[in-house]
Amino acid sequence: MTQDFDLTRRSFLDRVLAATAATGVAAAAPWAAFAAGADPKPGDRLRLGVIGTGDRGRALIQNIAKTRNCTVAAVCDNYAPNLAKGRALVAATVPAFTDHRAMLDAGGLDAVVVATPLNFHARHSFDGFDAGLHVWCEKAMARTIADCGAMVKRAQSSRKLLQIGHQRMFHPTYLNALKRVKAGDIGTITQIRASWHRNNSWRRKVPPGRDLERKINWRLYRESSAGLMTELATHQLQVGNWFLDGVPERVIGSGSICFWKDGREVYDHVALVYEYSGGRKFVYTSLLNNARYGCEEQIQGSTGTIEPELGRIYAEVPPKALALERMKQDVQRGHKRTVPIGGATWFPELPVTTPGESLGWGEYDETMLQFEAFGESVRSGTPIPGLLRQAYWASVASLLGEQAMDRGEAMRWPKDLVEI
Ligand SMILES: NC(=O)c1ccc[n+]([C@@H]2O[C@H](COP(=O)([O-])OP(=O)(O)OC[C@H]3O[C@@H](n4cnc5c(N)ncnc54)[C@H](O)[C@@H]3O)[C@@H](O)[C@H]2O)c1
């Protein structure tokens, strides 16, 4: 099967829905419709105040600038060098603050964008809701499962939107992959094997002077991060829940500081198995000293495999003929004169290296598209069905994995999660 629609901003999401109305993608990705809304009138753009203009906050500012319906109306960071870099990306008239409460008090905003370290997400989101604003917050949601639930509750009680930065749900290739799964193109999925392997320490250089180690390298410390689980795995656990259409029943895992013994507190190696209903599995590894296998989710079905990061779908290859059978055929075709008496009857089952076919690639960036969807759902006053639930479940799964590794015990999916 070939890709049957082009992936342009104006067309891809609505066409995904049109093309897949009967196959369940619309139900699995209802937010797609929101990103295909009409152009807003000038002056109707959603005014966003960005808290945290570090690496990610600045990337978000650049993506927001490409949307049709959002604009950055204020920036805030309590670290002067990063605030200066953030300011450089917006018009000189956009106010800049070192204290997010001062930004909220100054008014003139419709929503906040939270791009601070994980342990500040809940507090900054609560302050946004208290100021009567909608909240767009980076993944993972919060440092604890309880705080993730509290964020959901605050969004519900304030009747404001809360959207979390899981951009893969807006990624044209992932949406196309989901379409192919719903159409039955890879059969029954019983396992997803996912990895995020890098070869760098994650450690940032800290300027001399003030003790900024824990501020700059917040990812390496338990107080502010669950390390690989909340920084990387959370994205892939969202994909796992999405494609396996549920949540894990339990998780087992092992984590270690195996290579970067530099005073960090978070694991640099994690290996986990998440079990879903019916014995299906999400098998995960992440590490920081070998990048060969990179970032991928291998979605393994009974008739095919999808690798969305590579953007490819592969059909199962029929089993090879046994060696003796091949030799017999060679003799029959005249390629060989005799069949040797000895010889291998078994070939090693090496990975299949067929190139597969492309799942298609979008013209527009998923990080930008998720803000268009946010802008459209705020404008229409309609929460995007299923979106927050996916984010909540992904964060819970990542933090539950951390608990399983820390305790050396299988952790069951919590029964007391907030209903969404
Ligand atoms: N969705 C993605 O693909 C993706 C990618 C990278 C990072 N992220 C997320 O983005 C968030 C930020 O990551 P980062 O790499 O940009 O970190 P960073 O350290 O580069 O930036 C965080 C910024 O927040 C500022 N900050 C901290 N406390 C503050 C406060 N109280 N008030 C105002 N500013 C404050 C810091 O000074 C810093 O500039 C994290 O939650 C991370 O998980 C998401």
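This is a predicted model: local features need pLDDT of at least 70, side-chain atom pairs count only at pLDDT 80 or more; totals for chains, interfaces and linings use all residues.
User: Which residues of α7 meet α13?

Analyst: Start on the α13 side, where L388, Y392, S395, V396 and L399 take part. By class, this contact has 7 nonpolar, 1 polar and no charged residues. The α7 residues that meet α13 are I145, C148 and V152.

User: Is G86 buried or exposed?

Analyst: You'll find G86 in helix α4 (residues 80-87). Setting aside neighbours within four places in sequence, G86 is in contact with V50, T53, G57, R58, I61, V75 and D77. A residue needs 20 or more C-beta neighbours within 10 Å to pass as buried. G86 has 24 of them inside 10 Å, so it counts as buried.

User: How far apart in space are G86 and I61?

Analyst: In sequence, G86 and I61 are 25 residues apart. Going C-alpha to C-alpha in space, the distance is 7.9 Å.

User: Which helix gives the most to the shell around the ligand?

Analyst: 23 residues surround the ligand, and the closest are G52, G54, R56, Y79 and N82. Two helices, α3 (55-64) and α6 (118-130), each supply at least two residues of that shell. The helix giving the most, with 3 residues, is α3.

Methods: Residues are numbered from 1 along each chain as its sequence is written. Helices (H or I, at least four residues) and strands (E, at least two) are DSSP runs, numbered from the N terminus. A residue is buried if 20 or more other C-beta atoms lie within 10 Å of its own, exposed if 12 or fewer, and partly exposed in between; C-beta atoms are placed from the backbone. Two residues are in contact if their C-beta atoms, placed from the backbone, lie within 7 Å. A residue is near a molecule or strand if its C-beta atom, placed from the backbone, lies within 6 Å of it. Ala, Val, Leu, Ile, Met, Phe, Trp, Tyr, Cys and Pro count as nonpolar, Asp, Glu, Lys and Arg as charged, and the others, Gly among them, as polar.
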